[in-house]
Amino acid sequence: MNPGVDPAVLPSAVSISSEDSIIPSCSGVSVANETNAIVDTPAPEPAPITERDRRFMALAQAAAEEARAVGEVPVGAVLVCGDEVIAKGFNHPIGGHDPSAHAEMAALRAAAQKLENYRLPGCELYVTLEPCLMCAGAIMHARIARVVFGARDPKTGACGSVVDAFANPQLNHHTTVTGGVLEEECGAALRSFFADRRRAAREARAAAALNNASDAADPRPDTNQTL
C-alpha cells in the first residue's frame, strides 16, 4: 500500500446533511463527518501487503508481548498515520477489570486522547489478531481508513472469519481490511501462550493430586478428638 493513505473516505454518491461537520484528519486534510450520509457504494478492495505493513505489524507484535508479560492473551495493536505511530495498545481485560480492554480499543482510546479527536480519519490500525465485532464497531465509529490484522480468529473474527462487519455497503463509512500479515508469527504467539497455560494447568492438577495422595497415605491424627 502507498504510505500516503487517502483520508477522503467519502464515496462518490454521498449526501451530506447540514448537521454534518468538517473534521481534520491526522494528515491535516479536512474530511466530512459522514453522520447521516447516504452511501450506495461497496467497500473498497483490500490493499496488497507491503514491507511497510510487515514493519508496523512487528510493532504490534511487540505490544502483544507486553500483554503476555502480565499474563494476558498476547494481542497487540498500533495506530499509525502515514509513517508515524500515533498510539499502541495491548490486550488487558483481566488486569483492567474491563471487558472492552482489547488491544484495538486501547490503541483507539490512546490515539483519540493524543489527537484530541474521537474521529481518526486517514489512520490505519495494525493488530495481531482479527478484530472482534465490538472492536470493528469502534473502528468504524473512529473512521479508521484501513485495518491490517495478522492471525485470523475462527471463533470471534469480524473481518470475514465469523462475520464480515466491514463488507456491508449500507454503512456510511467503509474501512479497507487487509488480513494475514505475519499471520504465522502472530498465530504462533497465541498458540504458544495457550499451550503454556494448558501445561501450567496440568502441572497444577498433578501437584494437587500428589498432595492428596500423600495426605491419604499418611493421615495426621485429629488433634480435636476428645480423649
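Start by selecting Asp53, which sits in helix 1; helices (H or I, at least four residues) and strands (E, at least two) are DSSP runs, numbered from the N terminus. This is a predicted model, in which local features need pLDDT of at least 70 and side-chain atom pairs count only at pLDDT 80 or more, while totals for chains, interfaces and linings use all residues. Residues are numbered from 1 along each chain as its sequence is written, and side-chain values use heavy atoms, with hydrogens and water left out.

Is Asp53 buried or exposed? Asp53 counts as buried because its relative accessible area is 0%; buried means under 20%, exposed over 50%, and partly exposed in between (1.4 Å probe, protein chains only). Now show its contacts, meaning heavy atoms within 4.5 Å. Not counting residues up to four places away in sequence, Asp53 touches Pro48, Tyr126, Arg146, Val148 and Val181.

Stay in helix 1 and move to Ala63. Ala63 is buried because its relative accessibility is 1%. Leaving aside neighbours within four places in sequence, its contacts are Gly76, Ala77, Gly89 and Phe90.

**The nonpolar core**

Next, select Met57, Leu79, Leu108, Leu120 and Ile144, the residues with the most contacts inside the largest nonpolar core, which has 43 residues. Such a core is a set of buried Ala, Val, Leu, Ile, Met, Phe, Trp, Tyr and Cys residues joined through side-chain atoms within 4.5 Å. Among the elements that give two or more residues to this core are helix 1 (51-69), strand 5 (76-81), helix 2 (103-115) and helix 4 (183-217). Zoom in on Leu120: beyond its neighbours within four places in sequence, its contacts include Leu79, Leu108, Ala111 and Ile144.

**Strand 7 and its partners**

Colour strand 7 now. Strand 5 runs antiparallel to strand 7, with four bridges joining them; two strands pair if DSSP finds at least two bridges between them. Look for Val78, which stands opposite Tyr126 in strand 7. Strand 8 pairs with strand 7 in the parallel sense over five bridges, and Val127 has Phe149 of strand 8 as its bridge partner.

Helix 3 is the next stop. Its buried residues are Cys135, Ala136, Ala138, Ile139 and Met140, and they pack against helix 2, strand 7 and strand 8.

**Positive phi values**

Most residues other than glycine have a negative phi. Which residue with a positive phi follows helix 3? Select Arg143, where phi is near 65°. Then jump to His97, in the loop between strand 6 and helix 2, whose phi is near 50°. His97 is exposed because its relative accessible area is 74%. Leu182 also has a positive phi, of about 50°, and lies in the loop between strand 9 and helix 4. Leu182 counts as buried because its relative accessibility is 18%.

**Out to the surface**

Finish with Val162, in the loop between strand 8 and strand 9 (176-178). Val162 is partly exposed because its relative accessibility is 46%.
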